[in-house]
Amino acid sequence: MANRSPLAVYVHIPFCPSKCGYCDFNSYAMQGEIVGRTVEAIVADIQRSPWAGRPAKTIFFGGGTPTYLDEGSLLRIFQAVLETHPPLDGAEITSEANPGTVDHSKFAAMRTAGFNRISLGAQSFLDSDLIALERVHKAGDIERAVGAAREAGFDNVNLDLMFALPNQSIHAWRRNLDRALALEPEHLSLYCLTIEPNTAFYKRHLRGQLTQPDDDQQVAMYEECVARTEAAGFRQYEISNFAKPGRECAHNLCYWHAEEYAAYGPGAVGMVEGRRYTNLKHPLGYCEAVEAGLPLPFESEHLDKDTLRTERIMLGLRLNEGLSLTGLELEERGVRRLLDRGWVESDAERLRLTPAGRHFCSEVALELI
């Protein structure tokens, strides 16, 4: 009998208005014929899915910038998802959006089609930061985008912000938090900027042209995130994510709980039936493979017992609810060392990072693995 159990669905739109210097996501500043061709290829990818008929418990359009597409193209892909993976009643359906690529008309069309959550890549409310990050939007675009989303009927809005930006002060970060909280979003994702290899920022960093706040300043900025969001009625449920009660991102929780997710589009990563795969990344190569009826993954691996255990530890630790100890054999001396350092706390059912331990999540995971 065919598997009809629900899964999460991810769609990757690889296009952006420009390539930001810090970005290591699979994104391309392209326009013209390749954009329409990629849209058709993504639709075909979804329609020929080996998991067609499995309902979607969540749907997430990411990128890149999904709203870089015109609304007709975006909704064409969305319709293919709805037909292939009919969503469960009340399913969370999210699209990422750049504040500079949306307006009321586009948001209204998305809301009417069935999207019910918007995630805005705000990054900063200071124009000087946005210029340094090579973003195409200005601070005022964020307020306008939130207003347009509300007018279109979205009652679930996330804002992404980054701290530890080049030359950023704790005062500037507090101003960012002030402006974000004033917009009353339902969710905030607050990330420390990391300098990733193969980015323009990395090259500048190696040349000594990029100065970030030091470790103590970064810790202070993170503690501001925790304190200010809690005071505003948010609940921290993951190291970098804060939500009003009941507004946690259901799609990301599927990842952190190591549940199944089907993924479509160039560079999309999925994990279904114990196999993780990554699609061809470049839009042209992806389109050619779809059009020729060739397999799309260029990487694929079976997740054996040890790999699943490792990922369960790494992902579970990120959540404030902690890591379930059911069926998980941990080395007692390692756990004791972490308890003595004050990095974790434990009861009979779960092991959790302490507030201090959240600064050492990777070190804790390595000790437990």
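An axis here is a line fitted to C-alpha atoms, for helices over the stretch in contact, and angles run from 0 to 180 degrees between N-to-C directions. Helices (H or I, at least four residues) and strands (E, at least two) are DSSP runs, numbered from the N terminus. The model is predicted: local features need pLDDT of at least 70, side-chain atom pairs count only at pLDDT 80 or more, and totals for chains, interfaces and linings use all residues. Residues are numbered from 1 along each chain as its sequence is written, and side-chain values use heavy atoms, with hydrogens and water left out.

**First selection: H2 and H3**

Select helix H2 (residues 71–84) together with helix H3 (residues 104–113); their axes lie 11 Å apart, at an angle of about 15°. H2 and H3 are therefore roughly parallel to each other (angles under 35 degrees count as roughly parallel, over 145 as roughly antiparallel, 65 to 115 as roughly perpendicular and the rest as oblique). Display the side chains next: Glu71, Leu74, Leu75, Phe78 and Leu82 of H2 are in contact (heavy atoms within 4.5 Å) with Ser105, Lys106, Ala109, Met110 and Ala113 of H3.

On the H1 side, Val39, Glu40, Ile42, Val43, Ile46 and Gln47 meet Ser73, Arg76, Ile77, Ala80, Val81 and Thr84 of H2.

Move to Glu248, in the loop between strand E8 (241–243) and helix H9 (250–256). Is Glu248 buried or exposed? Glu248 counts as buried because its relative accessibility is 18% (buried means under 20% relative accessible area, exposed over 50%, partly exposed in between, with a 1.4 Å probe and protein chains only). Its side chain reaches the backbone nitrogen of Gly246 at 3.5 Å. Leaving aside residues up to four places away in sequence, Glu248 touches Glu92, His187, Arg235, Tyr237, Ala243 and Leu253.

Finish at Val269, in strand E10 (residues 269–272). Val269 is partly exposed, with a relative accessible area of 33%. Apart from residues up to four places away in sequence, Val269 touches Tyr261, Ala263, Arg276, Tyr277 and Thr278.

Note on methods. A polar contact is a pair of N or O atoms within 3.5 Å; within protein, one must be able to donate a hydrogen and the other to accept it, and residues adjacent in sequence count only if both atoms are side-chain atoms.
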